Amino acid sequence: MRVVLGASLLALAVAALSVFAIWQFRGERERLLDDFAQTERSVAHEVALDVRQQLYEVDEDARLLGDFVQRTGSTAPTRAAFEALSKVVRQYRAIALFASDSPMVTAVDPAEPAESAAMLLQASSVVATRVREKKAAYIDGPWTAPDGRQFYGFGSPNSVGNVVVLMFEGRLLLQPVLRPPTRNVRTFMIDPWNNLWVGCAQLSTCQAQPASVWQNAPGLAELAASVTAGQTTTRSVAIAEAFGLGPASAVAAWDSTTGPSGRTWTVGVAASVQVLEAREHVLLRRLLGMTALVTLGLALVAALLIRHQRNAALLGARLRHAQELANLRERSDKVVENVPVGLLGLTADVRVTMANRFVTDRFGTIVFGAALEDALPEIFSHPTRLRAKIGEALRRGRPQLLATEEVRSLSAEGFFVVRIVPLERPTDDTVALVVIEDLSELKKLEKQLIRAEKLGTVGVLTAGLAHEIGTPLAIIRGRAETLLEKLAASPAKRDLEAIVGQIDQISSLIGKLLDFSREQAVTVQRLNPVEAANAVVGLLEWRLRQKGVATRIQTAAHLPALAADPDQFQQVLVNLVMNACDACDKAGTVTLSFARADSSDWLRIDITDDGCGIPPEHLDAVFDPFFTTKKRGEGTGLGLPVVASIARNHGAEITLVSKPRAGTTVTLLWPVAREEAFASHG
């Protein structure tokens, strides 16, 4: 035990010395990095002076041209000088002399395409206007040519009021001075309009990035913040990655200079500290290696003595812990797979990492690694709002419920509730869960209960009203008929006939109300649906011909017979075909389709028109009594409720799908008769 205690104390002493040495090493490292940053700032200062010299050379050329124009006083020599300068100095692509708003003399490099030449002359006019307003030298840009090249315009006034404008290509002027000295160094420049010039190691890659692009890029955004804060150096791994300097951190240093127009240009260099870090790592590894060897040698004896004592207990604890984790993982996996809600795992960048059986059963295979809105486009209709809500949930650390308009239902009956639940302890690849609850059946049942409650209330009211109104109407009609017999030859006969006709119409409406309010007796027979459809089309032929609407009956082979009351089934078809006819314009078409449903116990009947359709906000009310989309006086609003009542009495189902200006389809699932099927015809 004493040997173990002595070795342990010595190991602690060695470890303490090692920590002190590492601390000293870290301090020396920071001093080396500070010296390195100051060196790079000196380089940046030299490059800034070169950029300033280039700008003042442009200013000097503009002044010389202005003096030349003033001395010659003629356009011919001026044009020759301009053309010569645009050909000799490669960065000058266009030169113009302005005496007023219009140019007096222009010279464009013959190698410039026509589109670029027009752009250069237009830009030079803008520069000349600014020079005339400021009455001083002025630089503006950059302008981007159709082929992607970027140009600045510099204008200078002379003593007689003329303005000489030099349009020069930015990369040709800046690339020679921004070319980095070594492969581990990158130069950059920020012009007065916050455009960033980078990639000037080669002429083809030397270009300016607008502030909206580079100030939001990783690493470069950090650089922009440091420049704005008035710093002159910064260091980070993000800057190294942004400039393509490898995985090590980089030091960025910059200096500012003022051009001839008084604008500020920021010039800097970014240099990798990979060499310094590599040396540091080598020394640190050696130091740690020696410390580890000494400590290991001293602790080896003690470790060997106590190893056997602790090994058994440690292995036993690990085994129990692993078993508990395995059991917990198995239980949690079963819960996740069989829970009656959808679960999706999300990464921080909103990509799917897992999906349970509920999701795959309803939406098919989910591609892991895909964006959430791409993995489930059937549900999520607003990717921007979705990502904002997920970001809010992660930021607040609280679940967020998506609004109804942010979730797209799979069908007219579909209804989903989606929550974003951030994890308190996120894993490497999952930071939040998307919980999807399918409340479609609940919503459907809720609508059915509301409709049943409405129908029950309307049934009670209509039954009472029909009884109270029917008796007085019968008396009125009897008296009217008596008067009609007595006044058969009187001019009042027509008025009495009108009264009797209106009373009959009210009585018919009351009959419909009574039919709707009470369950009618159903005498089920074996009925051929196609023969019934042909009979209905023949019955309504006058109405269809009057509207100019065509009808089609489509049948499948070997249709089964229906179990239906013939009169009530015919009433269903008459109401539905009349509604379809009323919805169509002239030359419209109404189609009656008969086919077997997925189950052999049902026949599917579709009545489709190509008419005006029903607005979405009215779809939930079309089966309510007295609701109609027809004009006043053209419908009572009882047709579809009566149809639904008859279908319900027969054990059938009715659904309706419609889109504005795209027609309507009413679908009936009607129970078939028990007998064998027969061949269809008609």
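This is a predicted model: local features need pLDDT of at least 70, side-chain atom pairs count only at pLDDT 80 or more; totals for chains, interfaces and linings use all residues.
Let me begin with the largest nonpolar core, which has 43 residues, and in which Phe569, Leu576, Ile605 and Trp670 touch the most other members. If we look at isoleucine 605 and leave aside residues up to four places away in sequence, it touches Leu562, Phe569, Ser593, Phe594, Val666, Thr667 and Leu668. Another core, of 34 residues, lies apart from this one, and includes Ala62, Val89, Trp197 and Trp265.

Turning to the sheet, we have an open arrangement of five strands in the order S18-S20-S21-S23-S22, with mixed pairing, where strand S18 (550–555) and S22 are the edge strands, each pairing on one side only. From one strand to the next, the twist averages 15 degrees. S18 and S20 are paired in the parallel sense over six bridges, and isoleucine 553 has leucine 592, in S20, as its bridge partner.

As for the helices, H14 lies across S18, S20 and S21, and runs at about 175 degrees to S18, while H16 packs on the sheet, touching S20, S21 and S23, with its direction at about 25 degrees to that of S21.

Finally, for the protein overall, there are 17 helices and 23 strands, and buried residues make up 38% of the 682 residues.

Notes:
Residues are numbered from 1 along each chain as its sequence is written. Side-chain values use heavy atoms; hydrogens and water are left out. A nonpolar core is a set of buried Ala, Val, Leu, Ile, Met, Phe, Trp, Tyr and Cys residues joined through side-chain atoms within 4.5 Å. Buried means under 20% relative accessible area, exposed over 50%, partly exposed in between (1.4 Å probe, protein chains only). Contact means heavy atoms within 4.5 Å. Helices (H or I, at least four residues) and strands (E, at least two) are DSSP runs, numbered from the N terminus. Two strands pair if DSSP finds at least two bridges between them. Axes are lines fitted to C-alpha atoms, for helices over the stretch in contact, and angles run from 0 to 180 degrees between N-to-C directions.
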